[in-house]
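I have it open in a viewer and would like to know what to select at each stop.

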Amino acid sequence: MSTPIYELGLGPAFRRLQPELQDYFSLAPGSGSYGIGEGVFEVVGCRQKWLRPLLATVAGEEAFFPEYGERIPFRIENHAHFDPFGRSSLTARREIFFPGRTRLFHDTTVAETNHDGGARLVDYLGRYRRLATELDLEVTSEGRLRGISGASRLFLGPLRLGLPASLDAKAYAEQWWDAAEGKHRIQVKVLQRQVGLVLVYAGSFDYRLAPLLPARDSGVAARSATAAVGLPRYAEPDRWERRV
């Protein structure tokens, strides 16, 4: 079994995480399991009404969405796998159950080797994984995981476009174990310099591991050159391509 990507990204600091967080982030390719989280977002979505029509135009990317709600149930699946290029990866597939509408929110985090032999984590967002951003991670004195997104790149067919700072948005995330509630907690804010708060979600959830079911797709062999290894077909993006 491979080393979990967050252990690769954090190095020795991984052992300073709360034990429950170490368990959460220990999913690795070849483990034979995937993670299931179910809980409630106390707040989720875009608070700025004037911005929602713009987000509605890109909702099909399944990375941003125009809705906003409170006490909204959600479900997340975590799948550790190798992408088609052999990189250790973790794909998260979220379902957010707004009244009358379920939104999907996907991302794949990949461990990429640095020139010094260490690893950096790069997050690819959305249905087509068109938006990529490096993750800057740290462990707080309380053992929480804190992350800030770095500069983003946009993939449009053959084009690789670095977003200028004036257009880029930064995500600030924190995850921890709430011993009093006996639940995992997460809070994320996405801020853009010109418009302010673009997206927020914060809530708590229960988490468990389940056995990874064998693939039943008769086309697995035919897809072997382009599909991820260890990722169910329904959790794959619509297209894989080499992204560096």
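A residue counts as partly exposed when its relative accessible area lies between the buried limit, under 20%, and the exposed limit, over 50%. Keep that in mind while looking at this predicted model.

Select Arg-146 to begin. Its relative accessibility is 32%, so Arg-146 is partly exposed.

Next, select a group: Asp-83, Arg-87, Glu-112, Arg-120 and Glu-134. Salt bridges with shared partners join these residues into one network.

Move on to Arg-130 and Glu-61. They form a salt bridge in which the closest N and O atoms are 2.9 Å apart. Where does each partner of this pair, which links distant parts of the chain, lie? Arg-130 is in the loop between β5 (119–125) and β6 (131–139), while Glu-61 is in the loop between α3 (52–57) and β2 (68–82). The two are 69 residues apart. Glu-61 is partly exposed, because its relative accessibility is 23%.

For the last stop, select Glu-7 and Arg-15. The closest N and O atoms of their salt bridge are 3.1 Å apart. Is Arg-15 buried or exposed? Arg-15 is exposed, because its relative accessible area is 53%. Glu-7, at 24% relative accessibility, counts as partly exposed.

Notes
Residues are numbered from 1 along each chain as its sequence is written. This is a predicted model: local features need pLDDT of at least 70, side-chain atom pairs count only at pLDDT 80 or more; totals for chains, interfaces and linings use all residues. Side-chain values use heavy atoms; hydrogens and water are left out. A salt bridge is a side-chain nitrogen of Lys or Arg within 4 Å of a carboxyl oxygen of Asp or Glu. Buried means under 20% relative accessible area, exposed over 50%, partly exposed in between (1.4 Å probe, protein chains only). Helices (H or I, at least four residues) and strands (E, at least two) are DSSP runs, numbered from the N terminus.
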